[in-house]
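Biologist: I would like to learn how to read a protein model. Could we go through it feature by feature?

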Amino acid sequence: MPLDRVRRVAFALGVAALAFGRVWLPSGATIVLGRPEGELRDHLWLSWIFAREAWDRSAIPLHTKLAAFPEGLSVYPLDPLHQAAITLLEPTIGAVAAVNVVSFLLFAVLVYGGQKLAATAGSGVRAELACGALAAASPAFLGAFTDTQTEGMASGWLLLLLSELFSDSPRPWRTALWGCVLLATGPYMAHGVALISVIAWLWRRFPLRASLPVIGTAALLGATLWTTEAGSGGALTARAT
């Protein structure tokens, strides 16, 4: 692993550990990260439901009979990628620890993404570290982080996408990778990412080979936005009715 990458990873893990300890340790090592007066209980319960449906019933966790018996209840992971990670860890360390570990790693991704974006702009080491620390101070991310809203912790993936989009020699496969990762984190990031992808494509005037993954990613994210907002229960449908 190149030394620059080692430095970025080490700094990201250090900042994440500092933030995690500041929020988590005062409440006790057996308590899930977050504020009880917020959405903590709902998110933790849903993570437990997804794990039980996946491991106990070998079912895709879209419907459960562990609530609203006997009809059951339809459930949907707002952030499929993050919930999949929690579900994979849950049998080994439990739902509480799984949520804590994934939240910690997403904080580290955020700090790493800030450093990577600064490096793409040609900044030096000090500027990279400063941008990583600045990313860690994101109010939107910190709000989600302290409320256990893993669907709101996708900002780091966005920074990695931006660092690839605005690099001197963007790699199509990596651009598509980060775009698809963002898509898998749920609809919350789709609103801005589709627009960012298209603006970057128009502004940078990528060659066709590099443009197709960007356009494809924007199309997928746009479709997600339309499905969530215009579909049944979506904001646009609610306003229309």
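**Contacts of a serine**

Modeller: Start with S103. Beyond its neighbours within four places in sequence, S103 is in contact (heavy atoms within 4.5 Å) with L33, F145, T150 and M153. This is a predicted model: local features need pLDDT of at least 70, side-chain atom pairs count only at pLDDT 80 or more, and totals for chains, interfaces and linings use all residues. Residues are numbered from 1 along each chain as its sequence is written, and side-chain values use heavy atoms, with hydrogens and water left out.

Biologist: Is S103 buried or exposed?

Modeller: Buried means under 20% relative accessible area, exposed over 50%, and partly exposed in between, using a 1.4 Å probe and protein chains only. S103 has 0% relative accessibility, so it counts as buried. It is found in helix α3. Helices here are DSSP runs of H or I, at least four residues long, numbered from the N terminus. A polar atom of the S103 side chain lies 2.8 Å from the backbone oxygen of V99.

Biologist: How do I read aromatic pairs?

Modeller: A pair of aromatic rings is described by the distance of the centres and the angle of the planes. Rings of Phe, Tyr and Trp (its six-membered ring) pair if their centres lie within 6.5 Å; planes under 30 degrees apart are stacked, over 60 edge-to-face, and the rest tilted. The whole structure has four aromatic pairs. One of them is F107 with F141, edge-to-face, at 5.3 Å centre to centre and 85 degrees between the planes.

Biologist: Which parts does the pair of F107 and F141 tie together?

Modeller: F107 lies in helix α3 (residues 80–120) and F141 in helix α5 (residues 139–145), so the pair ties together parts 34 residues apart in sequence. F141 also pairs with F145: this one is stacked, at 6.1 Å centre to centre and 20 degrees between the planes. Both lie in helix α5, four residues apart, about one turn of the helix. An α-helix has 3.6 residues a turn, so residues three or four places apart point the same way. Ring pairs link F107, F141 and F145 into a cluster.

Biologist: How accessible are F107 and F141?

Modeller: F107 is buried, with a relative accessible area of 1%. F141 is buried too, at 0%. F145 is also buried.

Biologist: How many residues of helix α6 are buried?

Modeller: Eleven of the eleven, residues 155–165, so helix α6 is largely enclosed by the rest of the structure. Among them are W157, L158 and E164.

Methods: Helices (H or I, at least four residues) and strands (E, at least two) are DSSP runs, numbered from the N terminus. A polar contact is a pair of N or O atoms within 3.5 Å; within protein, one must be able to donate a hydrogen and the other to accept it, and residues adjacent in sequence count only if both atoms are side-chain atoms.
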